[in-house]
Amino acid sequence: MHNLSIMAEKLSLDSYLNNSIRNIMSNAYKAVLSNPKEALFVLKMQRTLLKAEKRRKKVLENETLHIPPFLISSIATDCNLTCKGCYARANDICGTKKENTATKEELTAEQWKQIFTEAIQMGISFNLLAGGEPLLRKDIIKAAGEVIDMLFPIFTNGTVINGMYLDLFSKHLNLIPILSLEGCQESTDERRGKGVFNRVINSMESLKEKSLFYETSITVTSENIDSVTSPSYVNLLKNLGCKIIFYVEYVPSDKQTSHLALDEKGIEKMDLNLENLRQTFDNIIFFSFPGDEKAMGGCLAAGRGFMHISPEGKAEACPFSPYSDRNIAESGLKEALKSPFFKRLRDSGLVGGEHTGGCTLFEYEELVKELLCINN
């Protein structure tokens, strides 16, 4: 009976995620209808994603293993910016080239392509590329472009998009840049560096000029929530050609910045503002992370909806929680998803349990460390 209950839970989650992906692609098609090249690509990807859904279902039925449709891959340890409160830098994922000279070895483009290929065979459809600054790894981005049956949203600071990348994005529509902002010019430059806002806007204008599909990622804090979710701000991004807005609720990189994270009232306000934006802008897709996870029965980390791969190949529950008991370069992707550590996170209720917003794994970091050490 216990095994049947687990299977039913996995089927329910699988069904929810599959429906969510169909809705994403349906909305994406509406957003690009005016661009025949993009519209044709979305139609092709819809068919590809249905095949991926069948692959995931087959693995679940044959091996009782739930395959998440998403990966988050931090492919770069270098970054050309030094943003305040950067979790990747705080978690030792990234630094400058000078800082990284004596650090851990990154996976090669060939190793990443092997991971991408294994992911496709298992039915994983989306791979969010992060860093560091992922566009500093041109070799991996080019390799990803060749993996045509997977979508690669690329979380970039938007300052290194040049003619070569514009041509690459135009040739490989499965590479989708997501440009990061903190809101207005003052907020963005204060956190990311003087002049960064204008450089990002210039990149957006270049993408629009090439009629390329792109997204914007906005870190939401207790200080900027009203401005970045205002209709006037969304209109600015809409006029610059943005089709998707990805709101990422701030996760503190240290306890001193905890006041910037949304509290319960802030989370309620975010939910309300997001609903109003969705009703006002029917041609823009809005996401909220981790806020949207509440509808999916809690945090989607540790393989429920996604897992994180570090630059050196460690299988981690989430980018905000850099702890691992598996290296994918050694074990392979499927074995990494069978991680005992991931199972303990799910069984503990930290992942997939009651969810009230914010990052549970960050909030209960000490318990996460304890669960990692069991039997290790």
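Me: Before anything else, which heavy-atom distance counts as a contact here?
Reply: Contact means heavy atoms within 4.5 Å. The model is predicted, so to speak of local features requires pLDDT of at least 70, side-chain atom pairs count only at pLDDT 80 or more, and totals for chains, interfaces and linings use all residues. Residues are numbered from 1 along each chain as its sequence is written, and side-chain values use heavy atoms, with hydrogens and water left out.

Me: Then what does N91 touch, not counting residues up to four places away in sequence?
Reply: N91 touches P319, F320 and P322. N91 and P319 are 228 residues apart in sequence, and their C-alpha atoms are 8.8 Å apart in space.

Me: Where is N91 placed?
Reply: N91 is in the loop between α3 (87-90) and α4 (97-100). Helices (H or I, at least four residues) and strands (E, at least two) are DSSP runs, numbered from the N terminus.

Me: Changing topic: how many helices and strands does the protein have?
Reply: The secondary structure comes to 17 helices and 9 strands. Of the 376 residues, 56% count as buried. Among contacts between residues at least 6 apart in sequence, 71% join residues at least 24 apart.

Me: Which strands pair with β5?
Reply: Strand β4 (residues 175-181) is joined to β5 by 4 bridges, and the two run parallel. β5 also pairs with strand β6 (residues 244-249) in the parallel sense, over 6 bridges. Two strands pair if DSSP finds at least two bridges between them.

Me: What stands opposite T216 on either side?
Reply: L179 stands opposite T216, and in β6 the bridge partner of T216 is I245.

Me: How many residues of β5 are buried?
Reply: In β5 (residues 215-220), 6 of its 6 residues are buried. E215, S217 and T219 point one way from the strand, while T216, I218 and V220 point the other way.

Me: What about β1, and which strands does it pair with?
Reply: β1 (residues 70-74) has 4 of its 5 residues buried. β1 pairs in the parallel sense with β2 (residues 126-130) over 5 bridges, where F70 has F126 as its partner. β1 also pairs in the parallel sense with β8 (residues 308-309) over 2 bridges, and there I72 stands opposite H308.

Me: Which residues touch the most other members of the largest nonpolar core?
Reply: Y247, M307, L345 and L361 do, in a core of 119 residues. The largest share, 7 residues, comes from helix α5 (residues 109-122). A nonpolar core is a set of buried Ala, Val, Leu, Ile, Met, Phe, Trp, Tyr and Cys residues joined through side-chain atoms within 4.5 Å.

Me: And what does L345 touch?
Reply: Not counting residues up to four places away in sequence, L345 touches A302, A317, L350, V351, L361, V368 and L371.

Me: Which residues of α15 meet α17?
Reply: F341, R344, L345 and S348 in α15 meet V368, L371 and L372 in α17.

Methods:
Buried < 20%, exposed > 50% of the residue type's maximum accessible area, 1.4 Å probe, protein only.
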